[in-house]
Amino acid sequence: MKKISISLLTLMLLLVFNVKSSEAAYLSEYDKYIEVSYEEARCIADLMGLQDYELGEETARLSFEMQEALIAKIEKILKAEIDHYYIWLTVNGETVLGIDPPHPLF
């Protein structure tokens, strides 16, 4: 009986110290890809402040980095982590923009 009690206690302690609190993160498995026209992507890129950049891998990276930085600032203000994913816009199969879709926080 003593061995069972010690084993259960050890197991409980292992679970307590090994279980991570849920961490918010970029959840790439929920990403969505949407094919759009060049004109639509250009309009959206301009709205994001990327007027001086040719659409392509660079604008995809920049749009992602800009939004990740914004999310980090929001998380710092809220003192909470936010799970998020991206809608990736593609033109002729090439990823050109990443958009973090807004959703309400409750």
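The legends below describe close-up views of a predicted model.

**View 1. Overall fold of the chain.** The chain contains three helices and three strands. Read from the N terminus, their order is α-β-α-α-β-β. Of its 106 residues, 26% count as buried. The chain exposes about 8100 Å², and carbon and sulfur atoms supply 63% of that area. Among contacts between residues at least 6 apart in sequence, 59% join residues at least 24 apart.

**View 2. The largest nonpolar core.** This core has 10 residues: Val 36, Ala 41, Ala 45, Leu 50, Leu 55, Leu 62, Leu 89, Val 91, Val 96 and Leu 97. Helix H2 (38-47), S2 and S3 are the elements that give two or more residues to the core. Ala 41 touches Val 36, Leu 55, Val 91, Val 96 and Leu 97, leaving aside residues up to four places away in sequence.

**View 3. The ring pair of Phe 64 and Trp 88.** Five aromatic pairs are found in a search of the whole structure. In the pair of Phe 64 and Trp 88, the ring centres are 5.9 Å apart and the planes lie at 25°, so the pair is stacked. Because Phe 64 lies in helix H3 and Trp 88 in strand S2, the pair ties together parts that are 24 residues apart in sequence. Phe 64 counts as partly exposed because its relative accessibility is 22%. Trp 88, with a relative accessible area of 9%, is buried.

**View 4. Tyr 86 and the aromatic cluster.** Tyr 86 and Trp 88 form a tilted aromatic pair, 5.7 Å centre to centre with 35° between the planes. Both Tyr 86 and Trp 88 are buried. Ring pairs join Tyr 26, Phe 64, Tyr 86 and Trp 88 into a cluster.

**View 5. Lys 32 over the ring of Tyr 85.** Lys 32 lies over the face of Tyr 85, at 5.5 Å from the ring centre.

**View 6. Positive phi at Lys 79.** Lys 79 is a residue other than glycine with a positive phi, near 55°. The residue is in the loop between helix H3 (57-78) and strand S2 (87-91). Lys 79 counts as exposed because its relative accessibility is 76%, where the cut-off for exposed is over 50%.

**View 7. Positive phi at Asn 92.** Asn 92, also not a glycine, has a positive phi near 50°. The loop that holds Asn 92 runs between S2 and strand S3 (94-99). With a relative accessible area of 74%, Asn 92 is exposed.

Note on methods
Residues numbered from 1 in each chain as written. Predicted model: local features only at pLDDT ≥ 70, side-chain atom pairs only at ≥ 80, totals over all residues. Heavy atoms only, no water. Helix = DSSP H or I, 4+ residues; strand = E, 2+ residues; numbered from the N terminus. Buried < 20%, exposed > 50% of the residue type's maximum accessible area, 1.4 Å probe, protein only. Core = buried A, V, L, I, M, F, W, Y, C linked by side-chain atoms within 4.5 Å. Contact = heavy atoms within 4.5 Å. Areas by Shrake-Rupley, 256 points an atom, 1.4 Å probe, with all protein chains shown as cover. Phe/Tyr/Trp six-rings, centres within 6.5 Å; stacked < 30°, edge-to-face > 60°. Lys NZ or Arg CZ within 6 Å of the ring centre and 35° of its normal.
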